[in-house]
Amino acid sequence: MNDIPTVWDWTGNLLTGLRITLLVTVLGTILMIAIAIVLGLMARSRRIAVRGIARVVIEFFRGTSLPIQLFFLFFGLPLLGIRFDPLACGVIAFGLNYGAYGSEVVRGSINAVPKPQWEAATALNLSAWQRMTRVIWPQAIPLMIPAMNNLFIQLLKSTPLLYAISLADIMTKAEDFRKAGGDATLMYLALMVIYFVLAYAVTLLSNMAEVIAKTRLGQHAGLRSVFTFRKPKPAEEAKLVDASSAAGGPGGVR
Amino acid sequence: MNFDLEYAGEILPDLLLAFVQYTLVATLLGIGVAAVLGLLFAVIRQLRIPVLTQLLTAFIEFIRSTPLLVQLFFLFYALPGMGVTLSPMMAGVTGLGVHYACYMADVYRSGIDAVPRGQWEASVALQLPPRVTWQRVVLPQAIRNVLPSLGNYAIAMFKETPFLAFITVPELLHQAQEVGANTYEYVEPFALAGLIFLAASYPTALLLRRLERRLETR
């Protein structure tokens with residue numbers, strides 16, 4: 001009973017914690033994407049009331065800190081008669097906070113689709129719905145993915161907060177281990193490695209999603225080409241260098 | 001139960017005191033550490049010193065992909081086992097500083113890359129020693145270009161200071177929780193804490209946007 005546990009003894013506990021962490025990450029990401037799309041579209045509405053509401057919501061959730069939002073949901077709301085279980089609290093807090101950040105990505109990417117594409121869609125007599133779903137969104141999605149990937153990783157990296165709202169995630173299990181007298185250094189290092197691997201997996205998935213989205217636009221040769229080692233020919237390389245130096249130059253960072 | 005304005009007024013001074021005394025101090029110190037360390041990282045990577053550059057790149061990637069909270073716990077709970085004991089505030093500032101230095105290193109790098117090649121060549125032509133080239137030619141231009149991005153990371157860091165509450169720094173969130181625990185009324189303290197953050201971060205973000213526009217037009 002009083003044996004000092006090793007990290008190895010704790011594998012089972014860590015795995016059950018990991019399940020909660022992954023569950024909240026996946027659900028939070030889904031909610032975040034939904035909120036990002038809704039708020040992002042609202043923020044570029046022509047009606048000032050709709051745009052105003054979106055801006056207030058976005059600035060509110062971006063400006064007040066995530067841990068405070070989480071604590072408000074968990075400790076504050078029950079006193080106002082609204083009670084969520086810890087898991088729902090985590091998902092809602094992460095979804096709202098990162099959804100607000102994501103809405104700016106959505107808005108920016110839609111605005112980045114070239115104007116002639118909008119005009120061409122109008123000229124072809126497409127309805128507003130067709131224009132968005134068949135012309136604008138397919139081009140906006142590949143633009144969104146890199147910035148969204150950063151937010152997905154940010155969300156994943158926020159999940160240790162769940163430990164503060166009594167949800168038995170992987171961080172909680174690591175804390176139990178420390179309190180049981182285990183070697184904290186090893187455990188935290190193991191935890192960081194686990195998170196590192198998870199973050200890397202998220203990036204891989206995002207890169208795959210980007211390739212798929214670009215393939216549909218005919219801008220990429222498809223997922224299979226990722227695994228080939230064909231080097232660009234010298235002529236292509238020269239063209240690439242030209243293009244990048246033309247895009248770069250002073251002030252081209254942003 | 002409703003939002004009790006009188007109670008909110010009573011606890012506001014305590015919260016503001018914790019905010020100024022700990023949150024702001026931690027933010028400013030953290031920004032200082034991150035700005036200096038990030039610049040150092042960026043310059044080392046740019047100099048391409050064989051082994052050091054690769055190690056540093058791996059370190060930066062690792063820190064960026066792991067949660068700040070775990071890093072803070074590592075600094076606060078694991079380091080004493082190795083003979084290094086940091087006060088909560090020290091651990092917090094170190095954690096925030098190193099974490100954001102890894103983000104800022106990339107920002108600096110993009111700024112350094114954006115300095116036109118001609119500037120480097122002119123420095124060589126003028127026989128400026130490397131030190132002067134960096135100090136007087138490259139870095140002033142690079143830093144000016146990336147000031148808004150650095151500012152955005154500073155705001156992001158500010159919003160992550162509540163993480164310090166978990167390593168017992170009595171900053172705003174910690175104070176709010178304590179006040180709430182005394183009276184079992186959590187709504188007002190947390191709502192106020194959130195509003196204080198909003199009141200501080202939103203105007204700063206607006207100022208940054210203006211700075212960005214001014215730098216662009218020049």
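The structure is a predicted model, in which local features need pLDDT of at least 70 and side-chain atom pairs count only at pLDDT 80 or more, whereas totals for chains, interfaces and linings use all residues. Residues are numbered from 1 along each chain as its sequence is written, chains are lettered from A and ligands numbered from 1 in the order in which they are written, and side-chain values use heavy atoms, with hydrogens and water left out.

The side chain of Glu59(A) forms a salt bridge with that of Arg55(A), at 3.2 Å from N to O; the term salt bridge requires a side-chain nitrogen of Lys or Arg within 4 Å of a carboxyl oxygen of Asp or Glu. Both residues belong to helix H2 (residues 48–63) of chain A, in which they are 4 residues apart, about one turn of the helix; helices (H or I, at least four residues) and strands (E, at least two) are DSSP runs numbered from the N terminus.

Over all chains, the search of the whole structure returns 10 salt bridges. Among them, Arg178(A) and Glu175(A) are paired through their side chains at 2.7 Å, N to O. These two residues are separated by about one helical turn because they are 3 residues apart in helix H7 (residues 170–179) of chain A, and Glu175(A) is buried, at 1% relative accessibility.

In chain B, a salt bridge joins the side chains of Arg64(B) and Asp106(B) at 3.1 Å, N to O. This pair links distant parts of the chain, with Arg64(B) in helix H2 (residues 50–65) and Asp106(B) in helix H4 (residues 88–114) of chain B, 42 residues apart. Asp106(B) is partly exposed, with a relative accessible area of 22%. Salt bridges with shared partners also join Arg55(A), Glu59(A), Arg62(A), Glu104(A) and Arg107(A) into one network.

An unreviewed UniProt entry places the feature "domain: ABC transmembrane type-1" at residues 18–206 of chain A; such positions are given in the numbering used here, feature names are shortened, and annotations may be inferred rather than shown by experiment. This span is 81% helix and 0% strand, and its end C-alpha atoms lie 21 Å apart.

Terms used: Buried means under 20% relative accessible area, exposed over 50%, partly exposed in between (1.4 Å probe, protein chains only).
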